[in-house]
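Please view the sequence and the structure below before reading on.

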Amino acid sequence: MNRFAIRKRASLKTTLATLAVLALASAVVIEGCGDSGESEPDRTLRIYTSQPLVGGRGGADTLNAIRIAIEDSGSSFEGARLEVVGLNDAAPSGAFDPALVKRNANRAARDDSTIAYIGDFDSGATEISMPILNRAGILQVSSASTAVQLTRPTPAEAKELRPNGTRNFGRVVPNDSVQSAAMGLFMNEESVSRVFVVDDGSVYGTGLAGLFDKVAAKAHIDVEARETIDRSTNFRALAGQIDRSGAQALFFAGSDLDLAYHLFRTAHHEDIHLKMFGGDALAVRGFLRTLGEMELDTYVTAPMLPGGNYASSGESFLSGFRDRYGRDAEPMAVFGYEAGMVVDDSIRNETRGDVRTAPIATLRKGVRDKFFQTTERPSALGSYSIDAFGDTTLTFYGAYRAEYGRLVLGRAIDPPLSYLGVVGK
């Protein structure tokens with residue numbers, strides 16, 4: 001054997017000995033970790049979320065906010081790992097696509113690892129997804145769907161929305177009873193006594209317009225007329241009708257941003273002094289940035305509050321989002337964050353037993369029960385409970401003007417019970 005081969009064999013022996021020592025050291029480290037009680041999660045539980053991720057509706061920021069919430073809480077626990085599955089429910093225009101809504105809900109319902117569902121963003125979309133998720137027994141929490149019938153349906157509506165007869169839907173955003181009351185008070189503050197109401201025929205739009213009719217009477221505001229618009233509407237003729245009505249303000253109740261833009265543009269061209277009001281569906285920068293000179297006469301109600309009005313965790317989320325993405329979050333994103341947090345807490349409060357082996361149906365029921373037991377929860381939005389219907393007890397709404405494509409000069413409105421009682425009848 002030559003000298004080179006001898007040196008090579010000796011080197012090999014040394015290397016093998018070194019590896020053996022390292023392996024023994026690694027085994028000690030692994031054993032030590034095991035003694036600390038930590039272990040790799042061996043079950044995945046999925047939180048599905050369905051949002052308008054295209055069309056400038058703010059759904060992408062809501063999804064990011066939900067993911068941040070799960071990260072902030074720690075994405076694994078007690079033998080399980082939480083995974084957020086983000087799905088788009090919108091057409092390129094940003095309007096929800098019923099086919100996509102159904103597909104998303106069915107995907108979650110068929111997945112045996114689904115523990116909760118956050119969505120949908122639009123009330124009309126939630127009406128479609130709710131029966132599917134209800135049959136599967138999956139908790140559904142929305143950060144933006146405000147239509148009253150989703151939580152307080154008539155017996156006929158309940159049969160459609162809750163086919164298995166149990167509650168599975170709740171929300172962290174105040175419903176349209178609160179928003180319509182805030183809108184009436186906002187108009188009072190802006191000296192509006194005569195208004196022309198237009199809706200877009202959607203679940204959200206027709207519901208909000210109907211509730212506002214009741215508030216207007218309480219607030220001594222005359223509704224001069226109410227019209228429903230769609231893509232075939234002659235906006236110039238409608239603008240003339242609004243002008244002739246003598247209304248000081250136009251209230252658009254709807255979520256179709258294209259219709260809102262065309263309505264505001266033609267109405268403002270007809271009467272540059274007309275005040276134009278819209279609900280929270282217009283509180284997205286994709287719409288606000290299109291207004292141009294119209295923004296000086298645009299007024300928006302939305303459930304998020306002006307800066308500095310949130311609990312420290314809410315302000316921390318907003319600043320953290322800014323640091324991460326280099327820009328402010330869409331106004332409604334903070335509700336997505338809280339939806340993620342309360343769902344995460346509901347899961348953790350339920351899964352104290354052996355989450356590795358509990359049947360998914362058992363876990364789903366427990367998570368639903370925990371959510372509906374939410375009481376005096378300290379949150380990013382302030383302290384709130386979930387009432388018997390699935391609604392948050394929060395009643396504050398923000399009232400804003402538009403400027404430079406943003407909501408500004410905001411103030412908080414807390415509608416009195418006398419107003420909420422009117423719309424609750």
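The notes that follow cover the whole protein, a sheet, a helix and a single residue.

This is a predicted model, in which local features need pLDDT of at least 70, side-chain atom pairs count only at pLDDT 80 or more, and totals for chains, interfaces and linings use all residues. Residues are numbered from 1 along each chain as its sequence is written, and side-chain values use heavy atoms, with hydrogens and water left out.

**Overall composition**

- The protein contains 14 helices and 13 strands, which are DSSP runs numbered from the N terminus (helices: H or I, at least four residues; strands: E, at least two).
- Of its 425 residues, 53% count as buried, where buried means under 20% relative accessible area, exposed over 50%, and partly exposed in between (1.4 Å probe, protein chains only).
- The protein exposes about 18,500 Å², and carbon and sulfur atoms supply 52% of this area; accessible areas come from the Shrake-Rupley method with a 1.4 Å probe, and for residues only the protein chains shown count as cover.
- Among contacts (heavy atoms within 4.5 Å) with a separation of 6 or more, 75% are between residues 24 or more positions apart.

**The seven-stranded sheet**

- An open sheet of 7 strands has the order β8-β7-β9-β10-β11-β12-β13, with mixed pairing; two strands pair if DSSP finds at least two bridges between them.
- Because β8 (222–228) and β13 (406–413) stand at the edges with a single partner strand each, one side of each is left without a neighbour in the sheet.
- Neighbouring strands of this sheet are turned by 25° against each other on average, direction ignored.
- Helix α7 (residues 203–218) packs on the sheet and touches β7 (194–199), β8 and β9, its direction making about 170° with that of β8; axes are lines fitted to C-alpha atoms, for helices over the stretch in contact, and angles run from 0 to 180 degrees between N-to-C directions.
- Helix α8 (residues 235–245) also packs on the sheet, touching β7, β8 and β9, and its direction makes about 155° with that of β7.

**Strand pairs within the sheet**

- Strands β9 (residues 249–253) and β10 (residues 275–278) run parallel and are joined by 4 bridges, with L250 partnered by M276 in β10.
- Strand β12 (residues 397–403) is mostly covered, as 5 of its 7 residues are buried.
- On one pairing, β12 meets β11 (residues 298–302) in the antiparallel sense over 4 bridges, and A302 stands opposite G398.
- On another, 6 bridges join β12 to β13, again antiparallel, and R401 has V408 as its bridge partner.
- A hairpin is formed by β12 and β13 with 2 residues between them, and Y404 in the turn has a positive phi of about 55°.

**Helix α2**

- Helix α2 (residues 59–73) has 15 residues, which at 1.5 Å a residue should span 21 Å, and its end C-alpha atoms are 21 Å apart, in agreement; the expected span is 1.5 Å times one less than the number of residues.
- Its buried residues include D61, L63 and I66, and their cover includes β1 (43–51), β3 (80–88), β4 (114–118), α11 and α12.
- Just after α2, G74 takes a positive phi of about 95°.

**Residue D328**

- D328 lies in the loop between α11 (312–325) and α12 (333–350), and it counts as partly exposed at 22% relative accessibility.
- Leaving aside neighbours within four places in sequence, D328 is in contact with D61, R285, F321, R322 and R406.
- The side chain of D328 makes polar contacts with the side chains of R322 (2.5 Å) and R406 (2.8 Å); a polar contact is a pair of N or O atoms within 3.5 Å, and within protein one must be able to donate a hydrogen and the other to accept it, while residues adjacent in sequence count only if both atoms are side-chain atoms.
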